[in-house]
Amino acid sequence: MGLTELFIIAVGLSMDAFAVSVCKGLSVQKMNLGHALICGAYFGGFQALMPAIGYLLGSQFESMITQIDHWVAFVLLAIIGGNMIKESRETDVEKLDCFFGPASMLPLAVATSIDALAVGVTFAFLQVNIFWAVLFIGVVTFVLSAIGVRVGHVFGAKYKSKAELAGGLILILMGTKILLEHLGIL
């Protein structure tokens, strides 16, 4: 997997965190750099941790499913992407408080990084250098989450559903690309 593909996956994975960061930005009356850094650290940290855990789990089963690994990657990415697209279509408004402490941020960071756990499993099958992958995903998510707080504070919830939709489409397209490459079509 090349740097471009990894960047695309990192952006796709970070869209949930970006969307929640936008909502957190909506919740603050006076935004400061600390708000952006806290969101970036929590979301970027967990987006880096979860693929590492997924990779460790996936590498335990790699030898058993090498023949169908491309199908596993495709199905996992399609499910994650489909779920993100479904969430982007929901009209209910998420209510987030303006608190940036661990009691508020930890559950959000875990919830937005569950998808990254599944992607980490696919990394084990694709022979990805996990160190650079998790570092890259963490940094991309950190930056986009920090930007999301500012976007939310300035522009409001206008871009939340668009970000989730884009992230879902990106993950589905990457899964399809992996499948087509392994089938020899691309």
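**Entry 1**

The model is a predicted one, in which local features need pLDDT of at least 70 and side-chain atom pairs count only at pLDDT 80 or more, while totals for chains, interfaces and linings use all residues. Residues are numbered from 1 along each chain as its sequence is written, and side-chain values use heavy atoms, with hydrogens and water left out.

I then looked up the geometry of this pair: the axes of H1 and H4 cross at roughly 165° and come within 11 Å. That makes H1 roughly antiparallel to H4. Axes here are lines fitted to C-alpha atoms, for helices over the stretch in contact, and angles run from 0 to 180 degrees between N-to-C directions. Angles over 145 degrees count as roughly antiparallel, under 35 as roughly parallel, 65 to 115 as roughly perpendicular and the rest as oblique.

I listed the residues that meet, a contact being heavy atoms within 4.5 Å. On the H1 side they include Leu6, Ile9, Leu13 and Asp16, and on the H4 side they include Asp115, Ala116, Val119 and Phe123. The contact of H1 with H4 divides into 10 nonpolar, 2 polar and 3 charged residues. For these classes, Ala, Val, Leu, Ile, Met, Phe, Trp, Tyr, Cys and Pro count as nonpolar, Asp, Glu, Lys and Arg as charged, and the others, Gly among them, as polar.

**Entry 2: The whole protein**

I counted 6 helices and 0 strands in the protein. Helices (H or I, at least four residues) and strands (E, at least two) are DSSP runs, numbered from the N terminus. Buried residues make up 49% of the 186 residues; buried means under 20% relative accessible area, exposed over 50%, and partly exposed in between (1.4 Å probe, protein chains only).

**Entry 3: The cores**

I looked up the largest nonpolar core, which has 30 residues, and noted that Ile9, Leu13, Phe18, Val119, Phe123 and Leu144 touch the most other members. A nonpolar core is a set of buried Ala, Val, Leu, Ile, Met, Phe, Trp, Tyr and Cys residues joined through side-chain atoms within 4.5 Å. H1, H2, H3, H4, H5 and H6 each supply at least two residues of this core, and H1 gives the largest share, 8 residues. A second, separate core of 15 residues includes Ala17, Met31, Tyr42 and Val149.

**Entry 4: Helix H2 and its partners**

I compared two partners of H2. H2 and H5 pack at about 155°, with their axes 7 Å apart, which makes H2 roughly antiparallel to H5. Their contact has 15 nonpolar, 7 polar and no charged residues. The axes of H2 and H4 come within 6 Å and cross at roughly 35°. The contact of H2 with H4 has 23 nonpolar, 7 polar and no charged residues.

**Entry 5: Two residues**

Is Ser145 buried or exposed? I found that Ser145, in helix H5, is buried, with a relative accessible area of 0%. Ser145 touches Ala17, Phe18, Ser21, Cys39, Gly40 and Phe43, not counting residues up to four places away in sequence.

Ala52 lies in helix H2 (residues 33-61) and is partly exposed, with a relative accessible area of 26%. With residues up to four places away in sequence left out, Ala52 touches Ile130 and Val134.
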